[in-house]
Amino acid sequence: MSMFFALLRRDLAQLLLGGRRGGALLPVLFFLAVAMLYPFAVGPDAPVLARTGGGVIWVAALLAAILPLDRLIEPDLELGMFDQWSLRGISEELLVAVRVLAHWLSFGPPLMLAALPASALVGIDGEKLWLVELGLLAGTPGLAALGVMVAAITAGLRGGAALGGLLAIPLAVPLLVFGAGSLAVGGESGLGLTAAFSLVLLAITPFAAGAAIRSGRS
């Protein structure tokens with residue numbers, strides 16, 4: 001258990017601080033920037049904003065989640081950290097599970113807080129705000145898992161970050177559809193589907209990403 005928390009503390013420090021790349025602040029600022037610019041793009045029509053605002057928030061959440069893809073796996077792979085952890089008997093699956101948790105903690109709760117002003121900017125009223133927050137709570141762990149899995153698959157490839165972004169976007173479509181659909185009238189079941197798909201991603205990511213890391217080291 002002490003090893004788990006030591007790894008989590010290390011990963012959180014790297015993701016939250018982020019050196020010159022802005023750390024956890026950059027995804028939040030990006031998320032808010034999308035919400036601020038969207039009303040200028042579609043105009044001040046309140047019904048249009050309210051009808052499409054949920055989708056915009058989810059697209060912004062996805063893009064915020066994949067911003068740090070190049071920092072999730074590749075730096076430790078290049079430094080040989082995974083080799084050292086393997087020599088100490090720490091499995092790649094455990095390392096990936098900790099990395100997913102750290103990635104979610106670095107952007108998930110901040111995005112849920114940022115969703116409060118973002119929802120107002122895109123015309124989502126208070127009655128639907130709780131659906132936005134519940135949807136992000138259910139879906140952002142899946143986005144974190146997807147980001148780590150894609151980062152592991154593309155680590156070491158030329159243009160891996162750009163390739164990872166292109167790979168993550170179509171894989172995240174179900175989360176976007178279910179999450180945004182939960183804001184529609186009678187769409188509360190979308191929350192359950194969002195949580196279910198998120199749990200699937202959380203279940204398969206440690207094994208898929210762990211296998212990809214082992215393959216990259218060989």
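Is Arg-99 buried or exposed, and what is its relative accessible area?

**View 1. Arg-99 in helix H7 of the predicted model.** Arg-99 is buried, with a relative accessible area of 3%; buried means under 20%, exposed over 50% and partly exposed in between, with a 1.4 Å probe and protein chains only. Helix H7, which holds Arg-99, covers residues 92-121; helices are DSSP runs of H or I, at least four residues, numbered from the N terminus. The model is predicted: local features need pLDDT of at least 70, side-chain atom pairs count only at pLDDT 80 or more, and totals for chains, interfaces and linings use all residues. Residues are numbered from 1 along each chain as its sequence is written, and side-chain values use heavy atoms, with hydrogens and water left out.

**View 2. Contacts of Arg-99.** Leaving aside residues up to four places away in sequence, Arg-99 touches Arg-10, Asp-11, Leu-72, Ile-73, Asp-76, Phe-82, Trp-85 and Val-148. Contact means heavy atoms within 4.5 Å.

**View 3. The aromatic pair Phe-4 and Phe-5.** Two aromatic pairs are found in a search of the whole structure. In the pair of Phe-4 and Phe-5, the centres are 5.5 Å apart and the planes stand at 90°, an edge-to-face arrangement. Rings of Phe, Tyr and Trp (its six-membered ring) pair if their centres lie within 6.5 Å; planes over 60 degrees apart count as edge-to-face, under 30 as stacked and the rest as tilted. Phe-4 is partly exposed at 24% relative accessible area, and Phe-5 is partly exposed at 45%.

**View 4. The aromatic pair Phe-82 and Trp-85.** The ring centres of Phe-82 and Trp-85 are 5.4 Å apart with the planes at 80°, so this pair is edge-to-face. Both residues lie in helix H6 (residues 81-87), three residues apart, about one turn of the helix. Phe-82 and Trp-85 are both buried.

Terms used. Helix = DSSP H or I, 4+ residues; strand = E, 2+ residues; numbered from the N terminus.
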